[in-house]
Amino acid sequence: MTPTHLPGRVAIPSLPEQTRTPPSPNALESFNTAPAGEIRRTLLTCLRSPRWADRIAGHRPYPDVDSLLAASDEAAYDLAPADLAEALAGETLPVLPEGIYGAAHTALNAANAAYEAKFGHAFVICLDDLPPAEALDHVLHAIRSRLANDPDDERVLTADELRRLAKGRLVRALRGAGNRATSHNGAAHGNKPDISPQ
C-alpha cells in the first residue's frame, strides 16, 4: 500500500536504536546485488521519491557504506521542488511513544495544523540520536519555532530534514538486512535488504 499524506499528521520517525552501529559488510553486499526492483522498493521506504530511489539504485555497486550514504545525501540535495513535494506527500506519523497525555496530542495537532496552513505540506523532523522521552517536546518546540520561517527558508530546512530521515532509514534498512544475513534461523549470506517501512 502506498503511503499517503493525512491532514493533521506530522512526520516523525519511529525511534529505534540509533545509527551508531554500522551495517555489516554482508548487508552492503546484499544491497549491491539485489534485483533493482526490490532495491527500489526498499529505497522508497526511506524516502518516497522515485527520482532519489532510481538514482541510488542505478549507481550500485557501492564500495562501502560511507559511499552509499554520501550518494544518498547527494541525490537528496539534487531533488527538484516537485520531487520534494512527492516525498513530503508520503510522510505520515508513526505511533508516538506510549504514555503521551492528551493535551500534548492536542498541542501537537494544533501546531501542525498551523504549520500545514502556512507551508502547505507535512512537517518533518529527524529525531535520530534523540532519546524517546524528549521527542515530543523537541517536536513541539521545533514546529513552533519553524512557523516563524518564511516559505523559502522552510523549504530548505524541510529538504534537509528529509535528507537526514532518508539517511537514517537507509542505515536501519541495511542493518535489518545484515541481521537476517547472520541470524540463527538459517538465513543465508546474500539475503536481500529489509523492505518493511521504518
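Helix α6 spans residues 102-119 in this predicted model. The helix has 18 residues. From its first C-alpha to its last, α6 reaches 26 Å, close to the 26 Å expected at 1.5 Å a residue. Its buried residues are Ala104, Leu108, Ala111, Asn112, Tyr115, Glu116 and Phe119. Viewed down the axis of α6, these buried residues fall within an arc of 135°, so they line one face of the helix. An α-helix has 3.6 residues a turn, so residues three or four places apart point the same way. The face turned away from the buried side of α6 carries the exposed residues Ala103, Thr106 and Ala117. Just after α6, Gly120 adopts a positive phi of about 80°.

Helix α5 covers residues 81-89. Asp83, Leu84, Ala87 and Leu88 are its buried residues. Down the axis of α5, they fall within an arc of 135°, so they too line one face of their helix.

Helix α8 provides the largest share, six residues. By class, the lining of the second largest pocket has eight nonpolar, two polar and two charged residues.

From the N terminus on, the elements run β-α-α-α-α-α-α-β-α-α. The chain has 198 residues, and buried residues make up 45% of them.

Cysteines were also examined. The structure holds zero disulfides. Cys46 has 0% relative accessibility, and therefore counts as buried under the 20% cut-off. Cys126 has 6% relative accessibility, so Cys126 counts as buried by that cut-off as well.

Terms used:
Residues are numbered from 1 along each chain as its sequence is written. This is a predicted model: local features need pLDDT of at least 70, side-chain atom pairs count only at pLDDT 80 or more; totals for chains, interfaces and linings use all residues. Side-chain values use heavy atoms; hydrogens and water are left out. Buried means under 20% relative accessible area, exposed over 50%, partly exposed in between (1.4 Å probe, protein chains only). Helices (H or I, at least four residues) and strands (E, at least two) are DSSP runs, numbered from the N terminus. The arc is that of the directions from the helix axis to the C-beta atoms. Ala, Val, Leu, Ile, Met, Phe, Trp, Tyr, Cys and Pro count as nonpolar, Asp, Glu, Lys and Arg as charged, and the others, Gly among them, as polar. A disulfide is a pair of cysteine sulfur atoms within 2.5 Å. The expected span of a helix is 1.5 Å times one less than its number of residues.
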